[in-house]
Amino acid sequence: HKDVLGIKDLSAEEITLILDTAESFLEVSMRDIKKVPTLRGKTVINFFVEASTRTRTSFEIAGKRLSADTINISGSTSSLVKGETLADTARNLEAMNPDVIVIRHSCAGAPHMLARLVRQSIINAGDGAHEHPTQALLDMMTIRNRKGTLAGLNVTIVGDIAHSRVARSNIYGLNKMGAHLTVAGPATMIPRDIRKLGVKVSFHLEEALQNADVVMMLRIQTEREQLNIFPSLREYSAFYCLNRENLKKAKEDVLVMHPGPVNRGVEISPEIADGTHSVILEQVTNGVAVRMALLYLLTGAVE
Ligand code: CP
């Protein structure tokens, strides 16, 4: 592949290769001296037209740990604010001859447009409500590390499935890797045709948690809702907030995950977010290793 635009485009074998490569970089990433010369002379542009803490920082750290030159551009300080189009911006970035452009954009399909326009590798760091492939890869890495496998696990994804690029990428990926998926949330947040993607649907949190090996909680995407949110955040948390009581329905060794940012007390109670089942910060650590793996694999560092 020239680009990483979505998990939909990857085979189970390719996902396994990325996760295996990320494992070797996790070891590098956890050393005292973390820098290796692997991508010396390569240039990575992180172009974030939508807010980010984890994804942007971890792409920058990933590039730096591999000795690539990393440059960050945000939408609000670029000439997009003067009316330059995304296509013209991309052509100008291309003219400076980077090797990889990482893009986050609120419009679904923006990374795909860039991939067609420029010769550099494009990595999708989240496009609207469409896909967030690197998040799904780091989630799969975290589950595989803890459980030893992805095949056969019961994974429950709870929340605003309709607006969640994290849910979509994880559904594609975990399905390919043989996990059993259930999505749960209010009917207004579950797309009607979601079953076509090979998931079970439940509108009741406790039912969806039954026998779960992994539970992935999602943030309500207030920035993507056209109208007032229904149900309201208060109503939502009354029925769908993960807490000590309802988590008892899941398996004893259940993993609790969240891509962040967390709305404490809305989709997850603080005691569960910070509790013994939570691997939320482990997900963040693994995010650096996954992004190192992708930069390495895409820049042709592999002979
Ligand atoms: N999980 C995630 O994408 O977080 P950021 O929006 O902070 O990058």
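Biologist: Which residues does UniProt list for "binding site"?
Modeller: The UniProt entry, which is unreviewed, lists K82, R165 and R219. Keep in mind that the model here is a predicted one.

Biologist: How are they spread in space?
Modeller: They lie up to 31.9 Å apart between C-alpha atoms, and they span 138 residues of sequence.

Biologist: Which of them are in the lining of the largest pocket?
Modeller: That lining includes R165 and R219.

Biologist: Where is K82, in the loop or in a helix? And is K82 buried or exposed?
Modeller: K82 sits in the loop between β2 and α3. K82 counts as exposed because its relative accessibility is 71%, and the cut-off for exposed is over 50%.

Biologist: What about R165, buried or exposed?
Modeller: R165 counts as buried, because its relative accessibility is 6%. R165 belongs to helix α6, residues 165-176.

Biologist: New topic. How do β1 and β2 run?
Modeller: Strands β1 (residues 43-48) and β2 (residues 69-74) run parallel, joined by six bridges. On the way from β1 to β2 the chain passes through helix α2, and this β-α-β crossover is right-handed.

Biologist: And the core: which residues touch the most other members?
Modeller: In the largest nonpolar core, which has 60 residues, they are I123, L137, M140, I157, L174 and V183. Helix α11 (residues 280-298) gives this core its largest share, eight residues.

Biologist: What is L137 in contact with?
Modeller: Apart from neighbours within four places in sequence, L137 contacts I7, I15, I18, L19, V290 and L294.

Terms used:
Residues numbered from 1 in each chain as written. Predicted model: local features only at pLDDT ≥ 70, side-chain atom pairs only at ≥ 80, totals over all residues. Heavy atoms only, no water. Pairing = 2+ DSSP bridges. Helix = DSSP H or I, 4+ residues; strand = E, 2+ residues; numbered from the N terminus. Right-handed = clockwise from strand over helix to strand, strands pointing away. Core = buried A, V, L, I, M, F, W, Y, C linked by side-chain atoms within 4.5 Å. Buried < 20%, exposed > 50% of the residue type's maximum accessible area, 1.4 Å probe, protein only. Contact = heavy atoms within 4.5 Å. UniProt positions renumbered as here; feature names shortened; annotations may be inferred. 1 Å grid on protein atoms, 1.4 Å probe; cavity = no way out; pocket = protein on both sides within 12 Å on 5 of 7 lines; lining within 4 Å.
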